[in-house]
Amino acid sequence: MSDQPSAEPNIVAKKCKRLFLNPGVYFYCRCGLSADGVFCDGAHKATSFVPKKFVIEDAQEVALCLCKHTPNAPYCDGTHKLI
Ligand code: FES
């Protein structure tokens, strides 16, 4: 990996990741470099990206963006079909 901050996120996959999340605070990975590609693990430190904090109030299934291009992070909106 380059020492320079990257301007484009890493595309983990051109699909969503469906997960059942319990109530809590989560940090979605926006750089696409975390080990699981979904949640921040600090791998963004060499980039200009920061994680997106989101709160789940009620346990539910969510579809999280893996292409990292959704304008509605952390949620998939189908943008992966356009890239
Ligand atoms: S590891 Fe990707 S935003 Fe933190």
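This note goes through the aromatic pairs, the nonpolar core and several individual residues of the structure above.

1. The model is predicted, and for that reason local features are reported only at pLDDT of at least 70 and side-chain atom pairs only at pLDDT 80 or more, while totals for chains, interfaces and linings use all residues. Residues are numbered from 1 along each chain as its sequence is written, and side-chain values use heavy atoms, with hydrogens and water left out.

2. The structure holds three aromatic pairs, where rings of Phe, Tyr and Trp (its six-membered ring) pair if their centres lie within 6.5 Å, and where planes under 30 degrees apart count as stacked, over 60 as edge-to-face and the rest as tilted. One of these pairs is Tyr26 with Phe54, whose ring centres are 5.5 Å apart and whose planes meet at 25°, so this pair is stacked. Tyr26 belongs to strand 2 (residues 24–28) and Phe54 to strand 3 (residues 52–56), so that the pair links distant parts of the chain, 28 residues apart; strands here are DSSP runs (E, at least two residues), numbered from the N terminus. Both Tyr26 and Phe54 are buried, a term that stands for under 20% relative accessible area, with exposed meaning over 50% and partly exposed in between (1.4 Å probe, protein chains only).

3. Phe54 also forms an aromatic pair with Tyr75, and this one is edge-to-face, with 6.0 Å from centre to centre and 75° between the planes. This pair too links distant parts of the chain, 21 residues apart, with Phe54 in strand 3 and Tyr75 in the segment after strand 4 (60–65). Tyr26, Phe39, Phe54 and Tyr75 form one aromatic cluster.

4. The largest nonpolar core has 13 residues, of which Leu21, Tyr26, Tyr28, Phe54, Ile56, Val62 and Leu64 touch the most other members; such a core is a set of buried Ala, Val, Leu, Ile, Met, Phe, Trp, Tyr and Cys residues joined through side-chain atoms within 4.5 Å. Strand 2, strand 3 and strand 4 each supply at least two residues of this core, and strand 4 gives the most, with three residues. If neighbours within four places in sequence are left aside, Tyr26 is in contact (heavy atoms within 4.5 Å) with Leu21, Phe39, Lys52, Lys53, Phe54 and Ile56.

5. Pro74 is placed in the segment after strand 4 and is buried, because its relative accessible area is 1%. Apart from neighbours within four places in sequence, Pro74 is in contact with Tyr28, Lys52, Phe54, Ala63, Leu64 and Cys65. From C-alpha to C-alpha, Pro74 and Ala46 are 21 Å apart in space and 28 residues apart in sequence.

6. Lys68, found in the segment after strand 4, has a positive phi of about 70° although it is not a glycine, and at 9% relative accessibility Lys68 counts as buried. His80 lies in the segment after strand 4 and counts as buried at 15% relative accessibility. Beyond its neighbours within four places in sequence, His80 is in contact with Lys14, Lys15, Cys16 and Cys67.

7. Lys17 has its place in strand 1 (residues 16–21) and counts as partly exposed, at 36% relative accessibility. Its contacts, leaving aside neighbours within four places in sequence, are with Val38, Val62, Ala63, Leu64 and Leu66. Lys17 and Asn72 are 55 residues apart in sequence and 14 Å apart in space, C-alpha to C-alpha.

8. Phe49 is found in the loop between strand 2 and strand 3. What is the burial state of Phe49? Phe49 counts as buried, at 17% relative accessibility. Phe49 and Pro74 are 25 residues apart in sequence, with 14 Å between them in space, C-alpha to C-alpha.

How values were computed. Helices (H or I, at least four residues) and strands (E, at least two) are DSSP runs, numbered from the N terminus.
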